[in-house]
Amino acid sequence: MSLNSSSIPQADVASRPPLLRLDAIGKTFGTHVVLEDIDLSLAAGEVVAIIGPSGSGKSTLLRCINQLEPPTTGRVTIGDTTIEAGHTPTRRELMALRRNIGMVFQSFNLFPHLTVLRNVSLAQERVMGRTREQADAVSMQLLARVGLADKAQQFPSRCSGGQQQRIAIARALALDPQIMLFDEPTSALDPELGLEVLAVMRELAEGGMTMIVVTHEMRFAENVSDRVIIMADGRIVEQGPSGTVMRNPQTERAQRFLHAVKDR
Amino acid sequence: MTQDMLLTMVSGVPWTIALTAVALLIGVVLGIPLCAMRMSKLVVLRMVANTLILTLRAIPPIVWLFFIFFGLDTGFVSLNPFQAAAIGLGLITAANMAEIYRGAMSAIHSGQSEASMALGLSTYHRFFDVLGPQLFRVALPSAASYAIGLLKDSAIASTIGVHEIAFQASHVSQRTFRGLDVYAVAGLLYILLSLPIAWASRWADLHLRARVAR
Amino acid sequence: MNDLVDFWLEHLPAMLDGLLVSVQVTGVSLAIGVPLGLMLALAVQSRSKPMRGIAIVVVEVGRGAPALILLQFTYFGLPNAGLSLDSFASAVIALAWCTGAYTSEIIRAGLEAVPHGQKEAAEAIGLNHLDALRYVILPQALRVSVPALLGFSILMLQASSLCFAIALPELVSQAYLIGSTTFRYMPILVLAGLLYAAICIPATIAVSALERKLGAHA
Ligand SMILES: Nc1ncnc2c1ncn2[C@@H]1O[C@H](COP(=O)(O)OP(=O)(O)OP(=O)(O)O)[C@@H](O)[C@H]1O
Ligand SMILES: [Mg+2]
């Protein structure tokens with residue numbers, strides 16, 4: 001979990017065995033098809049940005065990966081845990097999945113009744129079985145990493161939005177996950193506060209964390225991620241190395257989307 | 001449970017309904033001036049109303065009924081059980097209705113000062129023509145659930161001898177020593193009686209919402 | 001006037017004994033009823049149909065039937081089913097039932113007030129269902145419910161006066177007894193009312209102050 005190991009070169013990434021694999025993921029709400037036939041595989045250390053118009057299913061895809069929303073069809077594989085749509089996963093499978101995946105929400109979702117430190121420690125105690133002292137020690141390190149060690153004893157409501165989101169990142173990192181999912185982590189923030197969150201994310205990426213980031217920040221997608229995926233209407237319409245996709249999209253749908261957001 | 005027992009218990013139903021209706025009427029009417037006082041600009045009026053409301057609500061209904069029935073009966077006034085119960089429950093209802101009206105007022109108006117202005121005599125017409133119907137609609141759901149509560153509270157009148165459902169139930173149970181089914185049926189009767197109030201309130205709410213919302 | 005004060009002072013000890021019984025029966029009923037309400041609130045949302053069905057019946061009967069009838073049912077009715085209880089135990093069963101039914105609704109509203117994102121965040125960090133409830137959802141839900149639960153507790157103290165009907169020697173029974181032996185109903189009932197008011201009015205004011213304070217912070 002070192003932040004300082006060097007960034008992994010592109011070619012290297014592609015040749016590694018996948019850490020996460022999605023096969024033919026589909027999701028319908030009633031008759032409304034939100035995701036259709038999504039395949040995706042992620043190598044260790046890879047940073048993938050997902051962009052696309054509102055309602056294209058980006059959040060739903062993230063939520064299907066950690067089973068906050070059970071997919072209607074398809075298969076999610078992480079390590080040696082595979083969860084098939086249609087079978088209710090066992091508690092053990094769910095735990096294995098969620099311990100390996102950290103998630104950061106657009107609206108932070110910190111626990112308002114717990115101190116910042118407890119927010120980060122809770123799952124370590126209850127899920128990993130650490131003692132309170134061990135958990136608090138690790139939490140302090142994580143908070144230091146996101147630059148908020150001095151806020152440990154505060155309640156989240158006393159922190160700015162940017163600070164809250166960094167705490168949420170520390171909370172997600174607490175289980176030592178292999179993959180981090182970010183759902184528009186800066187959308188609820190003023191641009192300035194967004195920057196401090198993006199800085200933490202960039203550091204994580206450079207430290208070799210495997211990440212999927214749903215974002216409206218085109219600069220982040222282009223500069224930090226290894227790969228960009230463009231979604232529209234529940235499908236992946238284009239994907240590839242970030243530089244290529246962002247500057248030279250091939251499909252008409254991707255061109256249209258990028259043209260519409262190019263000013264951001 | 002024999003038919004005879006059941007009939008005796010059902011004979012309490014009209015009394016329960018009558019008591020609830022009269023007490024509700026007293027409360028709905030008296031609640032208006034009480035609410036007006038409670039929101040008045042005059043500190044004295046406000047304090048009097050506030051004290052009345054707090055006192056009426058703080059003392060259990062059974063104490064009010066005993067007080068009115070046994071307490072007041074000593075001298076010049078003499079009330080029958082029904083009258084005593086209707087007055088007692090009616091006064092308590094007035095206090096609660098006043099609070100319900102007040103809640104509705106502040107739901108309609110954002111500011112309380114505005115709401116109390118609307119209660120000034122100068123704007124009498126504005127109140128009754130414009131605010132009144134709105135107020136009615138906003139207050140209706142809480143008033144209806146209060147009415148259901150009142151229906152159940154009316155059982156207390158059995159303790160001073162009003163011949164309503166609970167009275168008949170204890171009468172039958174003492175006569176037959178069959179408390180289990182007698183009180184179960186009594187409970188069921190109250191639940192059944194509350195259903196139409198709930199339905200009517202839901203119906204009126206939908207109906208009025210469609211109208212007022214336009 | 002002096003006469004009235006003397007009368008009150010003479011009977012105050014008996015009245016305070018009655019008040020103590022009122023407070024005890026209320027306290028025990030709440031201590032059993034509020035946890036029951038929590039269980040009912042969870043059961044009503046449960047996925048298991050039989051569980052939901054039972055919970056709904058318990059809640060609807062507890063809320064739909066007058067407390068007086070519940071009291072008489074447990075005291076005069078249960079002996080028919082071979083279960084004879086003294087008036088205190090009957091009162092506790094009936095009032096705890098009533099408390100459970102009403103507080104389940106209060107707590108359910110509290111549970112619904114917790115934003116959905118909280119449950120998701122708890123799930124996402126790997127907490128199981130029970131831990132999510134215990135550490136994340138319930139503390140927030142109960143905090144929201146506190147003013148309503150306190151307000152309900154005041155109502156329960158008042159409802160305990162109905163135990164008069166099952167011969168529990170609480171405040172109203174004592175007042176009635178004194179009234180019927182001295183034929184001075186009016187003054188003794190005033191004293192009973194004053195004792196209730198002395199507890200309930202300050203408590204009501206405190207609860208609405210708390211409500212305002214919490215409301216302002218939300
Ligand atoms: N729980 C749900 N029930 C029904 N429909 C849903 C649900 N969640 C999402 N949807 C629908 O699925 C579609 C995709 O939603 P999703 O939130 O995944 O889009 P998104 O790409 O994240 O959009 P945004 O950029 O606005 O966040 C939308 O049409 C939405 O209305
Ligand atoms: Mg989204």
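Guide: In this predicted model, residues 82-101 of chain B are 100% helix and 0% strand, with the end C-alpha atoms 27 Å apart. The UniProt record, an unreviewed entry, gives this span as a transmembrane region, along with residues 12-36, 48-70 and 180-199 of chain B. Residues 180-199 of chain B are likewise 100% helix and 0% strand, and their end C-alpha atoms are 29 Å apart.

Next, the neighbours of chain B. Two pairs of chains touch, and of these the pair of chains B and C has the most contacts. Chain B does not touch chain A; the nearest C-alpha atoms of these two chains are 27 Å apart.

Chain C also carries transmembrane annotations. Its unreviewed UniProt entry places such regions at residues 20-42, 54-75, 144-168 and 188-210. Residues 188-210 of chain C are 100% helix and 0% strand, with 33 Å between the end C-alpha atoms.

Within chain C, helix H1 (residues 2-44) packs against helix H6 (residues 129-159): their axes come within 11 Å and cross at roughly 145°. The crossing of H1(C) and H6(C) is right-handed. On the H1(C) side the contact is made by Ser22(C), Val23(C), Thr26(C), Leu30(C), Leu38(C) and Leu42(C). On the H6(C) side, Leu133(C), Leu138(C), Phe152(C), Ser153(C), Met156(C) and Leu157(C) meet them. By class, this contact of H1(C) with H6(C) has 9 nonpolar and 3 polar residues, and no charged ones.

Chain A is built with strands as well as helices: there are 10 of each. Its C-alpha atoms occupy a box of roughly 55 × 45 × 40 Å along the principal axes. A compact globule of 264 residues would have a radius of gyration near 18 Å, and chain A agrees with this because its own value is 18 Å.

One open sheet in chain A has 6 strands in the order E6-E7-E8-E3-E9-E10, with mixed pairing. Strands E6 (101-104) and E10 (235-241) of chain A are at the edges; each has a single partner strand, so one side of each has no neighbour in the sheet. From one strand to the next the twist averages 15°. Inside the sheet, strand E3 (residues 47-51) and strand E9 (residues 227-232) of chain A pair in parallel over 4 bridges. Ile50(A) has Ile229(A) in E9(A) as its bridge partner.

Helix H3 (residues 91-100) of chain A touches E6 and strand E7 (179-183) of chain A, and its direction makes about 60° with that of E6(A). Helix H6 (residues 161-173) of chain A lies across E6 and E7 of chain A as well, running at about 165° to E6(A).

Chain A also contains a hairpin. Strand E1 (residues 18-29) and strand E2 (residues 32-43) of chain A run antiparallel and are joined by 8 bridges. In one of these pairings, Arg21(A) has Ser41(A) of E2(A) as its bridge partner. There are 2 residues between the strands of the hairpin, where Gly30(A) takes a positive phi near 60°.

Methods:
Residues numbered from 1 in each chain as written. Chains lettered and ligands numbered in written order. Predicted model: local features only at pLDDT ≥ 70, side-chain atom pairs only at ≥ 80, totals over all residues. Heavy atoms only, no water. Axes fitted to C-alpha atoms, helices over the stretch in contact; angles between N-to-C directions. Left-handed = near helix turned anticlockwise from the far one by under 90°. Contact = heavy atoms within 4.5 Å. Nonpolar A, V, L, I, M, F, W, Y, C, P; charged D, E, K, R; others polar. UniProt positions renumbered as here; feature names shortened; annotations may be inferred. Pairing = 2+ DSSP bridges. Rg over C-alpha atoms; globule rule 2.2 N^0.38 Å.
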